[in-house]
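Dear colleague,

Here is the structure for you to look over. My notes on what was found in it follow below.

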Amino acid sequence: MRAVVWNGTRDVRTENVPDPRIEQPDDAVIRVTSSGLCGSDLHLYEVLGPFMSPGDVLGHEPLGVVEEVGPGVTSLAPGERVVVPFQISCGHCAMCETGLQTQCENTRAEDQGTGASIYGYSSLYGSVPGAQAEYLRVPRAADNVIPVPGRGPDDRYVFLSDVLPTAWQAVRYADVPRGGSVAVLGLGPIGEMCCRVAQHLGAGRVFGVDPVSDRRARASARGVEVFDPSQGPDDLVEQIRDRTEGRGPDAVIDAVGMEAQGHGSARFAQRVAAFMPKGAAARLMETAGVDRLTALRTAIDLVRRGGTISLIGVYGGMADPLPMLTLFDKQIQLRMGQANVRHWAPEILPRLDDDDVLGVDDFATHHMSLDEAPRAYQNFQEKSDGTFKVVFRP
């Protein structure tokens with residue numbers, strides 16, 4: 001089959017790889033009809049390269065049709081249309097039963113000390129072959145697919161694999177009071193969807209912050225009050241405080257993570273790690289403070305006293321310095337983590353109907369073939385050619 005594979009820093013290719021097959025009785029094989037390119041994939045494209053191996057199949061946002069099931073799978077049949085959540089969980093351990101599928105006790109990458117395995121996401125999360133491919137093997141299939149209606153375009157449901165539950169969790173964790181205010185830092189696909197979800201769930205004012213004018217325009221068109229952070233974090237904070245009676249918003253969502261522009265030493269450490277020998281680079285990433293923390297520091301400064309910061313952008317450093325005095329003094333609540341897709345899916349799926357209240361039908365800007373993946377990754381990283389959200393059509 002054709003699949004998008006990692007071959008080195010900023011080097012992805014579309015190649016022929018072996019077809020997946022049933023390996024365990026509870027497996028299924030999915031014929032992928034749509035698969036998203038996620039901002040998290042860009043972390044593998046450059047920053048998290050030390051945890052990748054040449055030939056790793058990328059991608060974790062698939063929608064498809066069940067092609068084959070193992071003998072132990074009785075709840076699925078070939079021909080069913082399904083979304084596959086980005087993480088793999090068992091569905092019955094203590095963590096899964098409390099809605100924390102990302103912490104599944106039976107699929108954790110124990111050798112790395114990390115949470116549930118993730119499709120196409122490096123040795124940090126199990127080195128599981130990913131979904132930017134024609135076919136995908138789904139382990140523990142009964143607990144790792146979400147059946148969706150057979151009618152409607154792929155784009156209506158494909159974002160249930162990651163974008164929608166990630167944004168949904170970010171807003172739920174932000175605990176925005178009905179009629180209250182929330183600022184979203186970063187208006188990429190996750191950040192913009194956070195704005196849409198916050199509006200849908202009753203936020204009174206939503207502020208969006210991003211240096212890219214096209215992204216600000218997209219959010220503004222849906223009623224978000226947008227700001228350009230390039231003027232400096234102090235000016236940004238004061239402008240938003242002026243619109244919230246001097247207090248700051250009730251909540252701030254950091255949808256930026258390690259891709260933020262920040263202090264030069266952190267940027268340098270990321271670039272050095274990307275080009276070091278694999279073992280040494282991985283040790284640096286695991287033990288050093290290599291994140292660019294401008295967005296998180298802005299969130300801490302911006303949120304009102306007693307407010308909540310919901311951190312959904314991915315960070316990778318183990319020794320990042322934080323202003324603990326400010327966090328403590330302002331009595332800030334901090335929530336974070338990978339999205340627990342199956343936990344949130346029952347709230348989201350009923351909203352994916354013809355009314356399209358979250359605007360998913362036209363959320364993607366580009367639909368591309370797998371063979372166009374190298375260009376898609378480059379354009380997405382460079383924010384060129386109007387690239388906002390790419391969906392591959394294998």
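**Where α1 meets α12**

In this predicted model, helix α1 touches helix α12 through Gly-39, Asp-41, Leu-42, Tyr-45 and Glu-46, and the residues they meet in α12 are Tyr-377, Gln-378, Phe-380 and Gln-381. Sorted by class, this contact has four nonpolar, three polar and two charged residues. Helix α1 covers residues 39-47 and helix α12 covers residues 373-382; their axes lie 10 Å apart, at an angle of about 100°. Since angles of 65 to 115 degrees count as roughly perpendicular, that is how α1 stands to α12.

Within α12, the buried residues are Ala-373, Ala-376, Tyr-377, Asn-379 and Phe-380. Tyr-377 and Phe-380 are also among the residues that α1 meets. Just after the helix comes Lys-383, with a positive phi of about 55°.

Three strands form an open sheet in the order β2-β1-β4, and the pairing is antiparallel. The edges are taken by β2 (11-16) and β4 (56-57); each has a single partner strand, so one side of each has no neighbour in the sheet. Strand β1, residues 2-8, is joined to β2 by six bridges. If you want a pair to look for on screen, Val-4 has Thr-14 in β2 as its bridge partner. Helix α12 packs on this sheet and touches β1 and β2, with its direction at about 160° to that of β2.

**The α3 and α4 pair**

How do α3 and α4 pack? Helix α3 (residues 163-174) and helix α4 (residues 189-200) have their axes 8 Å apart, at an angle of about 60°. The two helices are therefore oblique to each other. The crossing of α3 past α4 is right-handed. On the α3 side, the contact is made by Val-163, Leu-164, Thr-166, Ala-167, Trp-168, Ala-170 and Val-171. The α4 side supplies Pro-189, Ile-190, Met-193, Cys-194, Val-197, Ala-198 and His-200. By class, the contact of α3 with α4 has twelve nonpolar residues, two polar residues and no charged residues.

**Positive phi values**

Most residues other than glycine have a negative phi.

Arg-10 is not a glycine, yet its phi is positive, near 60°. Arg-10 sits in the loop between β1 and β2. Its relative accessible area is 35%, which makes Arg-10 partly exposed.

Asp-356 also has a positive phi, of about 50°, without being a glycine. Its place is the loop between α11 (341-348) and β15 (366-368). Is Asp-356 buried or exposed? With a relative accessibility of 18%, Asp-356 counts as buried, because the cut-off for that class is under 20%.

**His-366**

Which residues does His-366 contact, leaving aside neighbours within four places in sequence? They are Asp-385, Gly-386, Thr-387, Lys-389, Val-390 and Val-391.

Regards

Note on methods: Residues numbered from 1 in each chain as written. Predicted model: local features only at pLDDT ≥ 70, side-chain atom pairs only at ≥ 80, totals over all residues. Heavy atoms only, no water. Axes fitted to C-alpha atoms, helices over the stretch in contact; angles between N-to-C directions. Helix = DSSP H or I, 4+ residues; strand = E, 2+ residues; numbered from the N terminus. Parallel < 35°, antiparallel > 145°, perpendicular 65-115°, else oblique. Contact = heavy atoms within 4.5 Å. Nonpolar A, V, L, I, M, F, W, Y, C, P; charged D, E, K, R; others polar. Pairing = 2+ DSSP bridges. Buried < 20%, exposed > 50% of the residue type's maximum accessible area, 1.4 Å probe, protein only. Left-handed = near helix turned anticlockwise from the far one by under 90°.
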